[in-house]
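Please keep the sequence and the coordinates at hand while reading.

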Amino acid sequence: MSALREQSLLLTDRERIARDLHDLVIQRLFAAGLGIQNLRRFMGDPSALDRMENLTSELDDIIRTLRRTIEQLRSEGSRDNQTAAS
């Protein structure tokens, strides 16, 4: 297999992984966070509310980390694509 073909397959795979992470993982984590936030109205226990807040913050951190990872995959793919075209 030629180096150009291998590079193309790698770039395609990175883009697919980035898209899957966004579509399949981030959206589900975001929905779970919203679900947790909606449960707050049913909770009267301050310690339970604190735990829910911590869980929501943790999910937000995970989403930010995944978004950075996605951007790195895409930017490395763009950079690799520019190098291959040179």
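How many residues does α1 have, and how far does α1 reach from its first C-alpha to its last? α1 has 37 residues and reaches 53 Å, close to the 54 Å expected at 1.5 Å a residue. The expected span of a helix is 1.5 Å times one less than its number of residues. The model is predicted, with local features needing pLDDT of at least 70 and side-chain atom pairs counting only at pLDDT 80 or more, while totals for chains, interfaces and linings use all residues. Residues are numbered from 1 along each chain as its sequence is written, and side-chain values use heavy atoms, with hydrogens and water left out.

**Helices**

- Helices are DSSP runs of H or I with at least four residues, strands are runs of E with at least two, and both are numbered from the N terminus.
- α1 covers 3-39 and α2 covers 46-85, with Phe42 in the loop between them.
- α1 has a kink of about 30°, centred on His22; the bend at a residue is the angle between axes fitted to the seven residues ending there and the seven starting there.

**Burial and contacts**

- Buried means under 20% relative accessible area, exposed means over 50%, and partly exposed lies in between (1.4 Å probe, protein chains only).
- In α1, the buried residues are Leu11, Arg14, Ala18, Leu21, Ile26, Leu29, Gly33 and Ile36.
- Leu11 counts as buried because its relative accessibility is 16%.
- Leu11 and Glu76 are 65 residues apart in sequence, yet their C-alpha atoms are 8.7 Å apart in space.
- Thr56 is placed in helix α2 and is buried, with a relative accessible area of 5%.
- With neighbours within four places in sequence set aside, Thr56 is in contact (heavy atoms within 4.5 Å) with Gly33, Ile36 and Gln37.
- Gly33 and Ile36, two of these contacts of Thr56, are among the buried residues of α1.

**Salt bridges**

- The structure holds five salt bridges, each defined as a side-chain nitrogen of Lys or Arg within 4 Å of a carboxyl oxygen of Asp or Glu.
- Side chains of opposite charge can pair when their charged atoms come close.
- Residues three or four places apart in an α-helix point the same way, because the helix has 3.6 residues a turn.
- Arg16 is partly exposed at 37% relative accessible area, Asp13 is partly exposed at 33%, and Asp20 is partly exposed at 28%.
- In helix α2, Asp61 and Arg64 meet in a salt bridge of 2.3 Å, N to O, and are three residues apart, about one helical turn.
- Asp61 is partly exposed with a relative accessible area of 37%, and Arg64 is partly exposed with 44%.
- Salt bridges that share partners join Asp13, Arg16 and Asp20 into one network.

**Surface**

- Leu39, Phe42 and Met43 make a nonpolar surface patch of about 310 Å².
- Patches are made of residues with over 30% relative accessible area and no salt bridge; like charges are joined within 9 Å, and nonpolar side chains (Val, Leu, Ile, Met, Phe, Trp, Tyr) within 5 Å.
- Accessible areas come from the Shrake-Rupley method with a 1.4 Å probe, and for residues only the protein chains shown count as cover.
- Phe42 counts as exposed because its relative accessibility is 61%.
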